[in-house]
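Visitor: I would like to learn how to read some features of this model. Please take them one at a time.

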Amino acid sequence: MSPTPAIPASYDLVLVILSVAIAILASYTALVVAGRIRMTAGISRYLWLLGAALLMGGGIWSMHFVGMLAFRMPLPVTYDPQLTFLSLLVPVFFTAVGFYILAARGSAPLTLVGAGLLMGLGMVAMHYTGMAALQAPVRIEHRPLLVSASALIAFVASVMVLGLAFRSKAAAWHNAAGAATMGAAITGMHYTAMAAAEFTRDLSAPVPASATMLNPALLGIVITAAAFVLLFLGLLAALFDRRYMALAPSQTAVRGATESPNLGHRFDGYSPKFALLVIILFFVVVVGVAWGLTAWRDYKQAIEDVQIVAQSTVRLVEEHVDRAMGAGDLVMQHVIGLIDQLGLEAVVSSPAVWESVRRMEASLPHLGNVSILDAQGNLVFTTRQFPAPDGRNFAAESYFRALRVDGSAEPLVSRVVKSDSTNGDFFNVARRLKGEDGAFAGVVLMAIRTDYLLDFYADLNLGPTSAVAVFREDGSLVTRQPPPDSDADPSPGQLVRMHLQRSPWGTFESHSALDGVERVVSYRHAASVPLVVTASIAKDSALAEWRARLHRNAALGLVIVAALGALSWLAVRSLRREELAANALRLARDDLDRRVRERTAELEAALADKEILFKEVHHRVKNNLQVICSLLNLQSNRFDEPAVRRAFEEAYNRVYSISLVHKALYDQNAAAQIDFASYLRDLCDNLSRLYGASARNIQIEVSAAESTLDLNRAVPLALIVNEVISNALKHAFPNGRAGRIEIGFAARGSKFHLTIRDDGIGIGEDAARNPAKSLGLVIVNALAHQVDATVTYRNDGGTWFELLSDSGQADACVAGESGTDGGARGQESAAAQ
């Protein structure tokens with residue numbers, strides 16, 4: 001058995017274009033909606049993820065199904081509803097999984113490839129599920145190489161979709177170019193997979209009933225329109241959500257609007273109205289092109305259908321003429337045979353022959369008469385009467401003259417004449433009689449009734465402006481249904497004659513100069529007689545159904561465009577209101593910015609004036625304190641008593657310590673905050689020089705963390721440090737004793753911790769028990785009370801002094817733990833701070 005040949009197939013160009021348009025729009029919509037996934041969080045993010053999956057997966061499915069409808073085979077085709085619905089769910093599910101993976105784990109290369117594999121697998125599964133849904137009497141085989149190529153294209157297209165969807169924001173033309181590329185890749189995958197399929201006829205498969213067959217073009221247009229509307233609504237939803245978030249009356253949105261003037265005002269690099277108009281224009285252009293191509297294809301199909309009807313009709317008419325002429329020709333051949341057998345005289349004079357021929361003629365309704373003419377053109381036999389009437393001669397007839405001159409055995413057809421007996425029209429078909437020597441012996445005629453032919457042609461019911469006609473080879477009309485009027489247009493016969501010279505059959509279009517009707521004319525030359533039959537169908541009547549479909553489709557398109565226009569009007573109106581709100585927000589923001597700048601400038605000027613004032617105050621206070629110190633120093637020189645001089649020196653040191661505070665404030669360009677660690681070092685250096693610590697081999701070490709204090713705490717603490725260190729330098733190291741004084745300080749907020757330790761002889765027991773007897777200790781306690789601190793004295797290999805703020809009692813770790821190592825511990829605490 002020879003192998004079953006592959007079924008020839010083709011594609012509907014209109015539906016192919018629509019499938020590509022769906023893929024591009026679905027890709028662009030997915031890119032825009034996926035942007036909402038990146039910009040949202042929580043339940044909103046998952047809702048946008050689901051929406052993006054529905055739009056992208058549904059768009060891919062719509063492209064696939066319209067592409068399947070574009071595939072044409074000369075066989076009835078339907079689709080299983082359950083498998084078709086399943087083929088819709090597959091890409092939606094796998095697209096959702098791919099989007100979820102990238103939304104949850106980011107768009108790292110490996111993650112992107114893995115998600116692309118899943119989505120590509122979904123596209124392949126969708127395609128072959130859709131192929132399984134196809135119901136037709138065919139067997140499908142797949143070429144492995146092309147199947148692999150389609151799967152690779154699906155994977156690449158999926159990686160492109162996901163990569164572009166989850167990339168950082170790009171320009172609008174990038175999204176448009178990406179969408180066009182992805183659309184081409186997605187459709188490329190589908191049509192590559194279709195090229196991989198080979199269809200052969202399966203004679204054992206059931207043929208779908210014609211009642212269940214679908215109109216592919218109409219169904220494809222409906223699915224395309226539905227897909228476009230859904231994708232358009234998805235784009236509008238993404239646009240409005242983006243605008244709503246940008247214009248939300250929340251502090252974050254207002255702050256964002258202040259920082260970014262274009263936030264919420266642009267959509268993928270273009271204004272929202274411009275983007276919306278571009279989308280609408282794209283939709284209208286695609287719908288318009290699809291409608292125009294569909295109308296043109298339907299028009300061509302209608303013309304082709306008219307030609308098929310005309311050709312079928314003319315074949316039927318030709319067969320009818322051939323059968324009718326063939327039956328009559330049998331009668332003529334019978335007569336010619338009798339003449340050859342009996343001779344002409346015996347035949348024309350025999351009543352039995354006459355009766356036999358008359359019965360044969362009567363059995364054929366289209367025959368009006370059978371006659372014989374002798375070599376001189378005299379009527380010698382007729383089935384109308386016996387014997388034939390005398391005196392009738394037809395030697396002048398054109399068919400007689402032609403047959404007498406031409407020795408051809410082919411029949412000839414006469415012009416149409418009226419019958420004397422029936423008042424009807426008929427035409428003769430004549431054959432040549434040959435004598436024994438082959439010479440011309442006469443003519444055998446059969447008269448064909450035109451009314452018989454007209455009755456048959458009337459039953460064809462081709463329409464009021466359509467016609468069936470019979471012409472002679474010279475183009476003269478034999479008969480026509482409907483019958484022609486007296487001024488019939490002769491052009492059809494002339495056209496038939498012209499086309500007959502090219503081919504014995506054919507189809508052409510003719511515009512009648514008589515009635516202005518344009519017709520499709522199909523003609524065929526009869527096989528048995530020199531006649532040409534034509535079937536002329538008026539294009540207007542044939543295209544009436546096409547016009548009705550065109551009007552229905554136009555009405556449907558207008559409804560869709562009107563609905564789209566209404567949605568667009570509402571969208572533009574809403575965008576206009578939002579744009580006005582955005583403009584008002586920008587104006588308010590600009591006014592706020594202006595007022596903030598003006599107020600900032602005023603505050604900066606006031607602050608500069610205040611800083612100059614504070615610097616001047618600190619400078620004058622410092623100078624005044626230094627004048628006091630100089631006066632105290634001069635006054636102390638006037639006394640010789642050591643006790644008086646010490647009193648002046650102590651007063652000098654106290655005033656000088658305060659002067660150092662204001663000097664530090666002035667030098668550090670600070671109004672009320674002082675770097676206390678730096679101040680301690682300056683104070684200790686001054687006390688060391690004043691008491692000759694270096695010459696006495698007494699070391700003073702300061703371990704203080706970087707910290708600032710306000711003026712209200714800095715001055716009391718400065719006086720406390722001055723009192724303690726001065727006391728240590730005066731009393732802790734008598735008789736040239738060397739030693740060490742360690743100061744530790746740390747502060748955090750309102751908490752501070754000060755430790756001073758020396759390794760001298762220690763504080764006296766009496767002073768420790770009764771601090772009121774020592775002026776220095778009285779001053780220290782008073783100042784400690786002023787800064788809300790607690791003073792602790794202890795003899796521990798010298799004097800150990802600790803000052804801890806009351807607010808820091810619960811957190812003594814500000815300066816570290818205090819213990820017998822005094823300064824070392826203070827140093828560790830300072831380092832920790």
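Visitor: Which backbone oxygen lies 2.8 Å from a polar atom of the side chain of H366?

Guide: A polar contact is a pair of N or O atoms within 3.5 Å; within protein, one must be able to donate a hydrogen and the other to accept it, and residues adjacent in sequence count only if both atoms are side-chain atoms. Here the backbone oxygen is that of A324. This is a predicted model, in which local features need pLDDT of at least 70 and side-chain atom pairs count only at pLDDT 80 or more, while totals for chains, interfaces and linings use all residues. Residues are numbered from 1 along each chain as its sequence is written, and side-chain values use heavy atoms, with hydrogens and water left out.

Visitor: Is H366 buried or exposed?

Guide: Buried means under 20% relative accessible area, exposed over 50%, and partly exposed in between (1.4 Å probe, protein chains only). H366 counts as buried because its relative accessibility is 3%. The residue sits in the loop between α11 (351-362) and β7 (367-373); helices (H or I, at least four residues) and strands (E, at least two) are DSSP runs, numbered from the N terminus. Contact means heavy atoms within 4.5 Å. Leaving out residues up to four places away in sequence, H366 touches A324, M325, A327, G328, A447, I448, R449 and Y452.

Visitor: What is the strand order of the open sheet that includes β7?

Guide: Two strands pair if DSSP finds at least two bridges between them. The order of the 5 strands is β8-β7-β11-β10-β9, with antiparallel pairing. β8 and β9 (412-418) are the edges, each with a single partner strand, so one side of each has no neighbour in the sheet. The twist averages 25 degrees from one strand to the next. Between β7 and β11 (residues 440-449) there are 6 bridges, and M446 in β11 is the bridge partner of V370. Axes are lines fitted to C-alpha atoms, for helices over the stretch in contact, and angles run from 0 to 180 degrees between N-to-C directions. On that basis α11, which lies across β7 and β8, runs at about 145 degrees to β7.

Visitor: Which residues have the most contacts inside the largest nonpolar core?

Guide: A nonpolar core is a set of buried Ala, Val, Leu, Ile, Met, Phe, Trp, Tyr and Cys residues joined through side-chain atoms within 4.5 Å. In the largest one, of 68 residues, they are I37, M73, V138 and I186. Elements that each supply at least two residues of this core include α1 (13-39), β6 (197-201) and α7 (216-247). Another core of 41 residues lies apart from it, with A704 and I756 among its members.

Visitor: In which helix is confidence lowest?

Guide: pLDDT is the predictor's confidence in each residue, from 0 to 100. Confidence is lowest in α22 (residues 823-832), at a mean of 32, and highest in β8, at 90. The mean for the protein is 76, and 77% of its residues reach 70 or more.
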